[in-house]
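Hello,

Here is the structure for your files. My notes follow below it.

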Amino acid sequence: MKLELIWVIIGMGLVTYIPRMLPLVLFYTNNLHPRVQGILKNVPFAILGALIFPGVLLINPESYLYGVIGAAAAIIAAWLNFNVIVVVLSSIFVLYGYTFL
Amino acid sequence: MLPSPALPKVHTPAQWKKGLKAGLPIAIGYMPIAFTFGLLAKAAGLSLFETVGMSVIVFAGASQYIALSMIAAASGAAELILTTFIMNIRHLLMSASLNERAEDDPKWLKALYAFFITDETFSVAATSLEKKITGSYLLGLGLVAYSCWVVFSGVGYIMGSGLPPSLQASMGIALYAMFIALLVPAAKKSRKVVALAGSAAVLNSLFSFIPLLNGGWGIILSTLIAAVSIEFVMKGEERNEA
C-alpha cells in the first residue's frame, strides 16, 4: 500500500477541494433568487447548531455531564460578551478544573 | 472582468491581520486534534511524510480520522476516496453560503482561499460582522488554521505519546466553545438565529441515531432542512448578521 497511499491521499484531497471551490468560483450571486440568497444566509447559523449538537455531549465518551459543563461555561462566557478566545480558554479552564474534582 | 492584476482597495494589511487574529481560537482548537491525528497515524502505520502529506493535501479533520481507521482496516482506495467525498460534500453548502458574503474577488483568489474552507474557518468568517468578506481576511484566517493543523500533525507523529489525559480531555471542548461563542451574540439579537440553530441541533441529534446519516449526511440534511424551512416560516425577519 506504500506507494499507492500517496495517490489515495491526493484523491482524498481532490474530492475535498472540489466542493470547497466550485460554488465560490462558479456562482454569480446576483443571479440567485432572493429566496435562495435568504436560505444561503441562514446556513451559517443552522450549521452552527448542527456542529454543536450532539457533538458537544460526546467529547467524553464516559459522561454527557462533561460536555454539558463545558458548554455551560462557554455559553455564560459568550453571554457576557467576552471575545471568542476568552470563551474558548475559559471553558478549557473550567473543564480542566473539573477533571480534578 | 478586467484582466488587471491589481487587487481591490479592500485588500489591506488590516484585513489580513484581522483574519490572522480571528484564526487564533481555531488554532487552539485544532492543536489537540491534529496532535492526536499524528499519533494515530503513526499507530496506523503511516510514514511521517504520509501523515503530514495528508494534512497538507486534505486539511479536513473528521475525514482524516476516518481515513486512518479505514487504512488500518485495509479498505480499498475507491472506498476511502468515496467516504472522504461524502464526509466533505457539506463544503458545497458552506462555499455557496460564503459566496453570498464574499467580496467580488478574481477567480484565482477565490479558488485559492476556497482550499481553506472548513467547518471552523467557515463559521468564523460567516459570523464576522463585516458587510463583505475580503480575500485578505479569508487567507489570513485560513493560513493560521492550516499551519496549526499541519504542524501539529507532524508534532503528534514525532512525539508519539499522548497529551496528559486531563489536558487532552479538557481541550476537546475548544472547538465547541468556539462555535458557541460565535453563535451566542447573534442568537441574543435575533429569534431567527435561535430558531435556525435550535432546529438544526435537534434534527442533527435525531439523525445521529440513524446509522446511514451518521457522518457527513446528518449535518448537511439538518442544515438544509433548518435553513429552508425557517426561511419560509420566518420570511420577514432579520438575522442581524451585520
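Eight residues of domain 1 of chain B are in contact with six residues of domain 2 of chain B. Two residues count as in contact if their C-beta atoms, placed from the backbone, lie within 7 Å. Helix 5 (residues 77–88) of chain B supplies the largest share of the domain 1 side, three residues. Helices here are DSSP runs (H or I, at least four residues), numbered from the N terminus. By class, that side of domain 1 has five nonpolar, one polar and two charged residues. Ala, Val, Leu, Ile, Met, Phe, Trp, Tyr, Cys and Pro count as nonpolar, Asp, Glu, Lys and Arg as charged, and the others, Gly among them, as polar.

Domain 1 of chain B covers 13–170 and domain 2 covers 190–242. These bounds come from an automatic or database domain assignment. The C-alpha centres of the two domains lie 23 Å apart.

A word on provenance. This is a predicted model: local features need pLDDT of at least 70, side-chain atom pairs count only at pLDDT 80 or more, and totals for chains, interfaces and linings use all residues. Residues are numbered from 1 along each chain as its sequence is written, and chains are lettered from A and ligands numbered from 1 in the order in which they are written.

Next, helix 11 of chain B, residues 174–189. Its 16 residues should span 22 Å at 1.5 Å a residue, and its end C-alpha atoms are 24 Å apart, which agrees. The expected span is 1.5 Å times one less than the number of residues. Helix 11 of chain B has a kink of about 30 degrees at B:Leu183, shortly before the proline B:Pro185. The bend is the angle between axes fitted to the seven residues ending at a residue and the seven starting there. Of the 16 residues in this helix, 13 are buried.

B:Tyr176 lies in helix 11 of chain B. It counts as buried because it has 24 C-beta neighbours inside 10 Å. The cut-offs are 20 or more other C-beta atoms within 10 Å for buried, 12 or fewer for exposed, and partly exposed in between, with C-beta atoms placed from the backbone. Beyond its neighbours within four places in sequence, B:Tyr176 is in contact with residues of chain A, among them A:Ile52, A:Val56 and A:Ala74.

Finally, the chain interface. Here 59 residues of chain A are in contact with 77 residues of chain B. Helix 1 of chain A gives the most to the chain A side, with 19 residues. That side divides into 42 nonpolar, 13 polar and four charged residues.

Best wishes

Note on methods. Helices (H or I, at least four residues) and strands (E, at least two) are DSSP runs, numbered from the N terminus.
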